Amino acid sequence: DASDILAAEIGYRLMLDPDWGDDAQVKAARSQYPILNNAAALLHALEHAINTNDLPAAVGLLRVIDPTTATDADRQTYLRGTGISRTALVRAASSPEPRIRFEAALKIAELAKGSPFPGSSFVLRTLSEMNSLTNKPNAILVETRADSTLQAETLLSSIGFDVEVVRSVAALQHAIRRGGDLRLILAKTQLADLPPIEMVDSVRRLDRGRQIPIVFYGPTGPDLSSRRWRAPTLWVNQPASMTELENLRRQVKQSRRIPQMTFLDRQTYQTKAAQALAERG
């Protein structure tokens, strides 16, 4: 199928060069694969990349979309499609993967130029989320005891996270909905409002929580036997172990195939989102 081949080709380029997608590179790809000039075909390939969880291909295809040369018909295809449900591009702005939803939201803002389309509120939410990105990636700690909070918070800060401490699953859900460059949830097993397995379910049902690694700690391991979700969920005896957290980070990195955001990436996304929001007026 043409869209599989297209996704594979573009994904390969992005894996060789995570910054792939400047004007010259996109132009070259478009002349090599004329099908990239067809909005419907490009959307189809994007949908395929997202459905197969091919992150490099999804990011690369989003970068190929060129709002400056898009015709009115192209804009219609990208933003409205058949007009009833959200297009693959607009759905991408709610992807569990921050880089995909950020790239999608910026492209959509340029294409829409302020005009409404199905799902515009989701895009606006992603732009606002980008606008409040911080210098560091985020981690959420679910803990109520002061001494344990301090210990775990210190540990997470020492490996480069901005840490938000919440005391309940309800507060955790609220923090996840705000989004950002969220990399890890660290939670004690003795939760106030839900057993761990239900906490996992509630997190995985949120767009922005579907793929975030969850690490539980406590004297006894919770029942995590339900394999309903693909994202990593594990239990450690004590969060004091740096090596266990580092191992987890390595596992996550290997499964991703695209590098996580750098300080510069976050800064760039934040600046572009601020600009897009200002232009909306």
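**Exercise 1. Surroundings of L172**

Determine which residues L172 contacts, leaving aside its neighbours within four places in sequence, and decide whether L172 is buried or exposed.

Solution. The model is a predicted one.
- Step 1: Leaving out neighbours within four places in sequence, the contacts of L172 are I140, V142, V166, I185, M199 and V203.
- Step 2: L172 is part of helix α10, residues 169–178.
- Step 3: The relative accessibility of L172 is 0%. Buried means under 20%, so L172 counts as buried.
- Step 4: Between L172 and L141 there are 31 residues along the chain, and their C-alpha atoms are separated by 8.5 Å.

**Exercise 2. Surroundings of Y78**

Find the helix that holds Y78, state whether Y78 is buried or exposed, and list what Y78 touches beyond four places in sequence.

Solution. 
- Step 1: Y78 is found in helix α5, which covers residues 72–80.
- Step 2: With a relative accessibility of 4% against a cut-off of under 20% for buried, Y78 counts as buried.
- Step 3: Not counting residues up to four places away in sequence, Y78 touches A39, L42, L43, I65, T87, L89, V90 and L111.
- Step 4: For the pair Y78 and R145, the separation is 67 residues in sequence and 49 Å in space, C-alpha to C-alpha.

**Exercise 3. The nonpolar cores**

Identify the residues that touch the most other members of the largest nonpolar core, and the helix that gives the most to this core.

Solution. 
- Step 1: The largest nonpolar core has 49 residues, and those touching the most other members are L36, L61, Y78, L89, I108 and M130.
- Step 2: Helix α7, residues 98–112, gives the most to this core, namely 8 residues.
- Step 3: A second, separate core has 19 residues, including I140, V166, V203 and L224.

**Exercise 4. Two partners of α7**

Describe how α7 packs with α13 and with α5, giving angle, distance and contact residues.

Solution. Two packed helices are described by the angle between their axes and the distance between the axes.
- Step 1: The axes of α7 and helix α13 (residues 263–280) come within 10 Å and cross at roughly 30°. Angles under 35 degrees count as roughly parallel, so α7 and α13 are roughly parallel to each other.
- Step 2: The crossing of α7 and α13 is left-handed. On the α7 side the contact is made by R99, F102, E103, L106 and A109, and on the α13 side by D265, Y269, K272, A273 and A276. Sorted by class, this contact has 6 nonpolar, no polar and 4 charged residues.
- Step 3: For α5 and α7 the angle is about 135° and the axes are 10 Å apart, which makes α5 oblique to α7.
- Step 4: The crossing of α5 and α7 is also left-handed. R75, Y78 and L79 of α5 meet I108, E110, L111 and A112 of α7. The classes are 5 nonpolar, no polar and 2 charged residues.

**Exercise 5. α1 against α3**

Work out how helix α1 (residues 2–16) is oriented to helix α3 (residues 39–51), and sort the contact residues by class.

Solution. 
- Step 1: The two helices pack at an angle of about 70°, with axes 8 Å apart.
- Step 2: Angles of 65 to 115 degrees count as roughly perpendicular, so α1 is roughly perpendicular to α3.
- Step 3: S3, D4, L6 and A7 of α1 make the contact with H44, A45, H48 and A49 of α3.
- Step 4: By class, the contact of α1 with α3 has 4 nonpolar, 3 polar and 1 charged residues.

Note on methods: Residues numbered from 1 in each chain as written. Predicted model: local features only at pLDDT ≥ 70, side-chain atom pairs only at ≥ 80, totals over all residues. Heavy atoms only, no water. Core = buried A, V, L, I, M, F, W, Y, C linked by side-chain atoms within 4.5 Å. Buried < 20%, exposed > 50% of the residue type's maximum accessible area, 1.4 Å probe, protein only. Helix = DSSP H or I, 4+ residues; strand = E, 2+ residues; numbered from the N terminus. Axes fitted to C-alpha atoms, helices over the stretch in contact; angles between N-to-C directions. Parallel < 35°, antiparallel > 145°, perpendicular 65-115°, else oblique. Left-handed = near helix turned anticlockwise from the far one by under 90°. Contact = heavy atoms within 4.5 Å. Nonpolar A, V, L, I, M, F, W, Y, C, P; charged D, E, K, R; others polar.
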